[in-house]
Amino acid sequence: MHELIEQLVVCVERGKVNKASPFPPGMKGTDGADEVTQRALEAAIGPEVILQACNEGMTRIGEKFGRNEVFVPDLLMAAKAMNAVMAHLKPFFQSGSIKAKGTFVIGTVAGDLHDIGKNLVAMFVEGSGWKVVDLGVDVKTAKFIDTIERNPDCLVGLSALLTTTMAMMAKTVKEIKVRFPDTTVIVGGAPLSINAAKEMGANGYAPDPQGAVALLNASHK
Ligand code: B1M
């Protein structure tokens with residue numbers, strides 16, 4: 001692997017955003033994702049390779065999170081570092097020289113204001129090469145339906161953190177499936193389970209962001 005790319009993977013994995021950032025303490029004063037991406041582009045490393053490095057960094061931190069070796073703040077810093085990379089790559093997405101794998105519409109269901117987990121999922125998915133349309137929190141079914149109408153090939157992700165809003169999630173999944181039977185809908189959030197997802201008629205359940213990425217990538221032809 002190119003030295004700059006390995007450096008970038010480490011910056012994303014450890015949440016080193018830029019040189020000025022004091023986090024993580026062990027990398028104080030060293031270049032972060034921002035500077036390393038700039039140098040990689042100057043060294044004519046392709047944006048797809050840089051995107052792959054993001055993916056690798058997020059996969060590594062995601063696996064550590066799964067093993068309880070790191071915690072939510074570490075994930076948030078990794079996502080922040082990844083955003084610093086994405087700021088450099090955005091022009092390539094916009095110009096069409098990097099083709100997004102597809103569009104992923106995500107939101108926290110109506111009645112639910114929790115968005116930390118949903119935001120993490122959105123960031124991981126974006127970092128793995130998808131265009132993300134984030135509808136925010138307390139998203140009514142009609143807004144999901146309207147967004148799917150405008151993005152007919154999209155995949156949809158619903159998040160819920162309350163046992164009470166799981167009922168709203170089930171209603172939203174059902175209405176989406178009535179209107180768009182071929183649209184893939186995945187669900188997640190602390191009170192969810194694979195069985196609850198099946199009962200709702202969702203296509204998949206992911207316990208964490210890397211699981212969501214795996215489901216989406218598996219559905220990508
Ligand atoms: Co609330 N809250 N909260 N809360 N809150 C919980 C969820 C609760 C478990 C706390 C408790 O009682 N122990 C409890 C729910 C109980 C239940 O229903 N069984 C609860 C409650 C009751 C409430 C209120 C009703 C409190 C009140 O007002 N009386 C109220 C409801 C407001 C509303 O939504 N209408 C409320 C409010 C809030 C705050 C606004 C103060 C704040 C939210 C701030 C925000 O999100 N911007 C808040 C918080 C922070 C929490 C806790 C402490 C933390 C949630 C969190 O962010 N976790 C939470 C207790 C806890 O979990 N320890 C709690 C970290 C986050 C990374 O994890 O969201 O699970 P999580 O996401 C994970 C996975 O679930 C998964 O990936 C993420 C990363 O691994 N995932 C997906 C999530 N979405 C996914 C989608 C996917 C795939 C994976 O595909 C689409």
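**Helix packing, sheet and cobalt site**

Helix H6 passes helix H7 in a right-handed crossing, the term for a near helix turned clockwise from the far one by less than a right angle, with anticlockwise being left-handed. The model is predicted, so local features need pLDDT of at least 70 and side-chain atom pairs count only at pLDDT 80 or more, while totals for chains, interfaces and linings use all residues. Residues are numbered from 1 along each chain as its sequence is written, and side-chain values use heavy atoms, with hydrogens and water left out. Helices (H or I, at least four residues) and strands (E, at least two) are DSSP runs numbered from the N terminus.

**H6 and H7**

- The axes of H6 (residues 141-150) and H7 (residues 163-179) come within 10 Å and cross at roughly 30°; axes are lines fitted to C-alpha atoms, for helices over the stretch in contact, and angles run from 0 to 180 degrees between N-to-C directions.
- In contact (heavy atoms within 4.5 Å) are Thr141, Phe144, Ile145, Ile148 and Glu149 of H6 with Met168, Lys171, Thr172, Glu175, Ile176 and Arg179 of H7.
- The contact of H6 with H7 has 5 nonpolar, 2 polar and 4 charged residues; Ala, Val, Leu, Ile, Met, Phe, Trp, Tyr, Cys and Pro count as nonpolar, Asp, Glu, Lys and Arg as charged, and the others, Gly among them, as polar.

**H5 and H9**

- H5 packs against helix H9 (residues 209-219) at an angle of about 45°, with the axes 8 Å apart.
- H5 is therefore oblique to H9, oblique being what remains after under 35 degrees (roughly parallel), over 145 (roughly antiparallel) and 65 to 115 (roughly perpendicular).
- H5 passes H9 in a right-handed crossing.
- Leu120, Val121, Phe124 and Val125 in H5 meet Pro209, Gln210, Ala212, Val213 and Leu216 in H9.
- This contact of H5 with H9 divides into 8 nonpolar, 1 polar and no charged residues.

**Sheet**

- The order S2-S1-S3-S4-S5 describes an open sheet of 5 strands with parallel pairing, where two strands pair if DSSP finds at least two bridges between them.
- Strand S2 (131-134) and strand S5 (204-205) are the edge strands, each pairing on one side only.
- S1 and strand S3 (residues 155-159) run parallel and are joined by 5 bridges.
- Phe104 stands opposite Leu155 in S3.
- H7 packs on the sheet, touching S3 and strand S4 (185-188), and its direction makes about 175° with that of S4.

**Cobalt site**

- His114 (NE2), 2.2 Å away, is the single protein donor to the cobalt atom of the ligand; donors are N, O and S atoms within 2.8 Å of the metal (3.2 Å for Na, K and Ca), and sites may look incomplete because water is not among the atoms.
- His114 lies in the loop between strand S1 (103-108) and helix H5 (116-127).
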